[in-house]
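Here is a short report for a reader new to this structure. Take it a section at a time, with the 3D view open.

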Amino acid sequence: LHRLIRRQRQMCKETVKAEGKSVRKYIDTLGTISSLHSVNIVPQVSGQIVKINFEQGQFVKEGDVLAEIDPRPYAAAVMQAEGNLRQAEAQLKIDALDVERNRKLAKDNYVDKQTFDSLLAKVEVDKGVVETCKAALETARINLDWCSIKSPISGKVGLYNINSGNVVAAGTSVITTIEPVSYTHLTLPTN
């Protein structure tokens with residue numbers, strides 16, 4: 001041990017006082033960094049991609065519009081559903097007026113009970129048609145909103161699998177993957 005110390009002193013050109021410091025340790029190796037979870041971005045409606053609003057590797061925030069599907073057929077479906085609803089509401093109003101006109105007549109037996117019951121049933125059918133048309137309108141509005149493909153989380157966008165002009169299918173075409181970067185998992189080889 002004494003020999004080793006003497007030899008080190010001979011090799012040292014300069015001596016300094018030791019002091020405590022943090023020393024960063026660098027590891028030069030290959031490894032894999034992956035997110036704890038990722039989200040595949042899949043369109044909910046089918047159609048042609050008209051715009052891509054992100055670059056590969058870009059950080060996006062929750063709610064950012066990543067891509068847009070041609071909204072024209074879905075806007076037309078909303079207009080059609082609005083028209084069907086107005087038509088159903090008008091038919092309900094006409095049939096409700098028929099019931100009111102015939103109510104006194106049925107009470108005085110000028111209109112038979114079966115005819116009056118049919119008028120009442122027609123009003124109930126019309127109410128059902130109005131509710132069906134309201135649901136169809138809501139569905140059409142949802143589909144129109146889905147033409148804007150939005151990021152469900154904040155994170156880093158991966159490679160995109162589409163280009164403007166591509167046709168995508170609802171529920172099957174993966175547009176891209178987003179991985180949050182706040183939590184990552186690092187895998188290093190052990191040597």
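## Where strands 3 and 5 meet

Three bridges join strand 3 (residues 47-52) to strand 5 (residues 65-69), and the two run antiparallel. Two strands count as paired if DSSP finds at least two bridges between them. Helices (H or I, at least four residues) and strands (E, at least two) are DSSP runs, numbered from the N terminus. Ile 52 has Ala 67 of strand 5 as its bridge partner. Lys 51 is bridged to Glu 68, also in strand 5.

This is a predicted model: local features need pLDDT of at least 70, side-chain atom pairs count only at pLDDT 80 or more, and totals for chains, interfaces and linings use all residues. Residues are numbered from 1 along each chain as its sequence is written, and side-chain values use heavy atoms, with hydrogens and water left out.

## The rest of the sheet

Strands of a sheet pair through backbone hydrogen bonds, either parallel or antiparallel. Here four strands form an open sheet in the order 6-5-3-8, with antiparallel pairing. Strand 6 (148-150) and strand 8 (167-168) stand at the edges with a single partner strand each, so one side of each has no neighbour in the sheet.

Strand 5 is joined to strand 6 by three bridges, and the two run antiparallel. Val 65 stands opposite Lys 150 of strand 6. Strand 3 also pairs with strand 8, in the antiparallel sense, over two bridges. There, Gly 47 faces Val 168 of strand 8.

## The chain as a whole

The protein chain holds three helices and 10 strands. Read along the sequence, the pattern is α-β-β-β-β-β-α-α-β-β-β-β-β.

Of the 191 residues in the protein chain, 23% are buried. Buried means under 20% relative accessible area, exposed over 50%, and partly exposed in between (1.4 Å probe, protein chains only). The protein chain exposes about 14,400 Å², and carbon and sulfur atoms supply 53% of it. Accessible areas come from the Shrake-Rupley method with a 1.4 Å probe; for residues, only the protein chains shown count as cover.

Contact means heavy atoms within 4.5 Å. Among contacts in the protein chain with a separation of 6 or more, 79% involve residues 24 or more positions apart.

## Two nonpolar cores

A nonpolar core is a set of buried Ala, Val, Leu, Ile, Met, Phe, Trp, Tyr and Cys residues joined through side-chain atoms within 4.5 Å. Which members of the largest core touch the most others? They are Ile 49, Ile 69, Ile 149, Ile 175 and Ile 178, out of 17 residues. Strand 5 gives this core its largest share, three residues. A second, separate core has 15 residues, including Val 78, Ala 81, Phe 116 and Cys 133.

Leaving aside neighbours within four places in sequence, Ile 149 is in contact with Ile 41, Pro 43, Ile 49, Asp 64, Val 65, Leu 66, Ala 67, Ile 69 and Ile 175.

Helix 2 has 36 residues (72-107). At 1.5 Å a residue, helix 2 should span 52 Å, and its end C-alpha atoms are 52 Å apart, which agrees. The expected span is 1.5 Å times one less than the number of residues. Helix 2 has a kink of about 30°, centred on Arg 101. The bend at a residue is the angle between axes fitted to the seven residues ending there and the seven starting there. Just after helix 2, Asn 109 takes a positive phi of about 65°.

In turn, what covers the buried residues of helix 3 includes helix 2.

## Asp 95 in helix 2

Is Asp 95 buried or exposed? Asp 95 is buried, with a relative accessible area of 6%. Asp 95 lies in helix 2. Beyond neighbours within four places in sequence, Asp 95 is in contact with Lys 122, Val 123 and Asp 126. Val 123 and Asp 126 are among the buried residues of helix 3.
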